[in-house]
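Take a moment to turn the model around before reading on. We will walk through it one part at a time.

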Amino acid sequence: MAFIDELTIHIKAGKGGDGVVRWRHEKFNEFAGPGGGDGGNGGDVLIRTITDIGKLADYRNKKDFEAQDGEDGRNYGQKGKGGEDLIIDFPIGSVITNLKTGESIELLDRDSTEIILKGGKGGLGNERFKSSTNQAPKKSTDGEDGEEADFSVELKLIADAGLVGLPSAGKSTLLNALTNTNVKVGSYDFTTLEPNLGAFYGYILADIPGLIEGAHEGKGLGDKFLRHISRTKILFHCISLESEDIERDYKVIRKEIGDYDKKLLDKKEVIILTKSDVLNEKEAKDKLEKAKKFSNEIFTVSVLDDESVKQLSGNLSKILSNNQN
């Protein structure tokens, strides 16, 4: 099933049940006064934060959500049953925006719940309108409609570090090597069509799908995923040593990130030169020197070399640990 990180849905809280006109009938007394009960309140709508980043795909073909209506009142002053609340699950990192009010809620705490729409109040039965001057009221009120609105949902991944780089820079392969995550990889553009997460010494790494020049303007697939960089604490910038011009590759990604949001350029960045096995020692050293123009924290790795992956893992775990302090 395809990864979905944005959608628009319609949500409605339950309608309150109607109050009713009823009459009490008791033994030896055919008419004993009004007995119409109140309607039950409509169900509220709550949102709940879960960790499944693929949850929005479940709503691909379901765009309308509605809490249960309250029941109408009953005889002998009995109130109708309240409608059941509706709980809708959204992935952590989602931004839920009420398109009617403009109010947004960011889901940043796991297992949290919050009411976004209130159910309508139940109507009043005729028993409520009995008075000393009106012993047989025929008045009742209808239940109120529940709140409803269209909502936009935008997912922004929350991760300790995000792997960025051009297509085929080796990000997915590296994520597999570092975290034992089974991510499909290939040697073509847009290898990764959706973000992938992996656990790394207690930290979360996110493989952000490959960007291309012009991604922030909607070219390719990158513009869909640039938003996910905003909540990563560190950027692991992957550059393939197969590239003929690593300086250009570096600048392309930095420009796309900056054009999307200049604040993202202030995030801590670590450069990882991938596929070091494709070059001889001199060629690798020359490209390493070029990369030093951009950062003092540069590492090389070949996923075909277990020792190389082990050394990189140790260095990255130290960087992540220090960044928490």
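Where does Ala57 lie? Find it in the loop between E2 and E3. Keep in mind that this is a predicted model. Is Ala57 buried or exposed? Its relative accessible area is 7%, so Ala57 is buried; the cut-off for buried is under 20%. Now look for Leu7. In sequence, Ala57 and Leu7 are 50 residues apart. In space, their C-alpha atoms are 9.5 Å apart.

Lys63 is found in the loop between strand E2 (45-50) and strand E3 (64-66) as well. Its relative accessibility is 37%, so Lys63 counts as partly exposed. Leu7 comes up again here. Lys63 and Leu7 are 56 residues apart in sequence, yet 8.7 Å apart in space, C-alpha to C-alpha. Which residues does Lys63 touch, leaving aside its neighbours within four places in sequence? Lys63 is in contact with Thr8, Ile9 and His10.

Step back to the whole protein. It has 5 helices and 14 strands. Of its 325 residues, 48% are buried. Take the contacts with a separation of 6 or more: residues 24 or more positions apart account for 73% of them.

Next, the helices. Start with H1, residues 171-179. This helix is mostly covered, with 7 of its 9 residues buried. Those buried residues are Lys171, Ser172, Leu174, Leu175, Asn176, Leu178 and Thr179. What covers them? The cover includes strands E9 (159-164), E10 (196-200), E11 (203-207), E12 (232-240) and E13 (268-274). Helix H5 (306-324) is also part of the cover. Just after H1 comes Asn180, which takes a positive phi of about 60 degrees.

Move on to H5 itself. It has 19 residues, and at 1.5 Å a residue they should span 27 Å. The end C-alpha atoms are 27 Å apart, so the model agrees with that expectation. Which residues of H5 are buried? They are Ser308, Val309, Leu312, Ser313, Leu316, Ser317, Ile319 and Leu320. Seen down the axis, these buried residues fall within an arc of 165 degrees, so they line one face of H5. There is a general rule behind such patterns. An α-helix has 3.6 residues a turn, so residues three or four places apart point the same way. The face of H5 turned away from the buried side carries the exposed residues Lys310, Lys318 and Asn322.

Which kinds of residue make up its lining, by class? There are 7 nonpolar, 1 polar and 4 charged residues. Among those lining this pocket are Thr51, Ile53, Ile92, Arg110, Asp160, Arg231 and Lys233. Leu157, Ile158, Ala159, Leu197 and Ile204 also line the pocket.

Notes: Residues numbered from 1 in each chain as written. Predicted model: local features only at pLDDT ≥ 70, side-chain atom pairs only at ≥ 80, totals over all residues. Heavy atoms only, no water. 1 Å grid on protein atoms, 1.4 Å probe; cavity = no way out; pocket = protein on both sides within 12 Å on 5 of 7 lines; lining within 4 Å. Nonpolar A, V, L, I, M, F, W, Y, C, P; charged D, E, K, R; others polar. Buried < 20%, exposed > 50% of the residue type's maximum accessible area, 1.4 Å probe, protein only. Helix = DSSP H or I, 4+ residues; strand = E, 2+ residues; numbered from the N terminus. Contact = heavy atoms within 4.5 Å. Expected span 1.5 Å × (residues − 1). Arc of directions from axis to C-beta.
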